[in-house]
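Please keep the sequence and the structure in view while reading.

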Amino acid sequence: MKKMNAAVLGVGTMGGTHVEAALESPYIDKVYGFEPDPERAKERCGKYGIIPADLNAILADPSIGFVSIASPNETHVELAEKCLRTGKAVVLEKPMGCNLAEAKHLCDVEKETGGFLQVGFELHYSKMYQIVKDWIKADLIGTPVNNQCRYYCCEFHKKNTWRSRSTGSFLIGEKLSHYLDLQRWYFDETPESVYSLSSAKVVPYFNHRDNHQIMTRYPNGKVAVLNFIMYIAESHLAKDPLQSGLEVDDGHFLQYHICGTKGAIETDVFKHRIRRWEFSDKPEYMDSNIVEEISFDPREEGLLYYHNVHGQNLRVIELAATGQKSEMTAREAFETMKLCFAAELSEDTGELIRFNDPRIG
């Protein structure tokens with residue numbers, strides 16, 4: 001097996017996950033890390049046992065065939081373009097861009113270069129959400145018609161961090177894009193319109209809206225709702241509970257309900273389970289019964305089930321190393337980003353935004 005070298009741009013918390021996958025991959029020999037501050041680069045790369053390197057050196061090195069980009073949002077498009085134009089295969093964290101023009105530009109660069117680019121929608125590689133897709137494909141709930149997501153968390157970003165100070169799309173484009181993407185994946189449809197509301201901020205130092213109620217209409221009367229509040233749960237300042245996989249009952253919720261014409265599915269991150277209901281016709285009413293339940297140990301299997309960045313990256317490295325195409329093209333990721341930016345435009349203007357609106361084209 002011919003190996004290639006890899007580089008991770010942005011060796012922070014998420015970057016560390018990318019580093020670990022690269023180190024584990026049988027297709028990777030050496031792993032390099034880039035941070036713009038030399039002292040921080042030395043410290044973080046030393047922590048993971050990888051080689052600190054200058055960005056220009058990484059771009060100029062033909063032995064580095066794969067690059068993970070886990071840097072601050074504002075740098076995503078610039079770094080991805082440079083890597084694609086120097087022949088690197090790229091996996092890019094969300095958001096795909098800080099505005100729709102940036103995301104569209106990245107689609108154009110992918111097409112122009114013919115390069116390998118995959119945006120990190122790792123829920124496609126997470127067991128919980130894969131099971132849902134498999135159940136839908138097996139027609140166990142009939143046609144999905146109603147999709148509901150409730151996501152309540154604590155404010156774990158802290159003051160004066162790049163996340164709390166950043167501009168452009170953050171909560172929707174980076175965080176909630178996963179769950180908007182699931183709508184598209186499960187319905188297998190393009191949205192028709194989006195209407196989103198956001199109440200007054202509660203977290204005063206956060207540079208973005210801290211809550212979203214996003215309602216999306218799909219063809220044939222299908223509807224999806226995402227309800228997000230980032231401050232209601234008890235605080236976990238050391239780490240995001242979603243990342244830690246801790247068992248909590250303190251106001252944290254991440255539940256997904258997919259209702260079909262013959263049954264329904266629930267995923268629940270903090271209760272560590274997946275459940276399926278089956279509907280049946282009775283003489284006096286429609287009957288509903290739970291017919292299947294899968295549970296998992298959050299400490300042993302948590303991230304594998306609901307946030308499998310590691311597994312995604314192992315797979316994407318394999319695809320790139322063996323000359324295969326990405327499993328989610330930039331254009332497919334762009335369609336989810338359109339939904340994100342349509343929701344933000346709706347909140348900015350108070351309008352219902354149709355998906356053929358030229359402002360999000």
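## Strands and helices of the model

Strand S12, which spans residues 263-268, pairs with strand S13, residues 273-281, in the antiparallel sense over six bridges. The structure is a predicted model. Within this pairing, Asp268 has Arg273 of S13 as its bridge partner. Four residues lie between the two strands of the S12 and S13 hairpin, and His272 takes a positive phi near 60 degrees there.

S13 is also joined to strand S14, residues 286-295, by nine bridges, and these two strands run antiparallel. Glu278 stands opposite Asn289 in S14.

Another pairing involves strand S7, residues 144-152, and strand S10, residues 222-229, which pair in the parallel sense over seven bridges. Here Tyr152 has Ile229 in S10 as its bridge partner. In general, the strands of a sheet pair through backbone hydrogen bonds, in either a parallel or an antiparallel manner.

| Strands | Sense | Bridges |
|---|---|---|
| S12 (263-268) and S13 (273-281) | antiparallel | six bridges |
| S13 and S14 (286-295) | antiparallel | nine bridges |
| S7 (144-152) and S10 (222-229) | parallel | seven bridges |

How are these strands arranged in the sheet, and what is its order? The sheet is open and has nine strands in the order S14-S13-S12-S11-S7-S10-S9-S8-S15, with mixed pairing. Its edge strands are S14 and strand S15 (353-354), as each of them pairs on one side only.

Helix H6, residues 127-137, lies across S7, strand S11 (253-260), S12, S13 and S14. The helix runs at about 175 degrees to S12.

At the start of H10, a side-chain oxygen of Asp297 comes to within 2.9 Å of the backbone nitrogen of Arg299.

Helix H5, residues 100-113, contains Asp108. Asp108 counts as partly exposed because its relative accessibility is 38%, and the partly exposed class lies between the buried limit of under 20% and the exposed limit of over 50%. Asp108 and Glu81 are 27 residues apart along the chain, and their C-alpha atoms are separated by 9.9 Å.

Key
Residues numbered from 1 in each chain as written. Predicted model: local features only at pLDDT ≥ 70, side-chain atom pairs only at ≥ 80, totals over all residues. Heavy atoms only, no water. Pairing = 2+ DSSP bridges. Polar contact = N/O pair within 3.5 Å; in protein donor to acceptor, adjacent residues only side chain to side chain. Buried < 20%, exposed > 50% of the residue type's maximum accessible area, 1.4 Å probe, protein only. Contact = heavy atoms within 4.5 Å. Axes fitted to C-alpha atoms, helices over the stretch in contact; angles between N-to-C directions.
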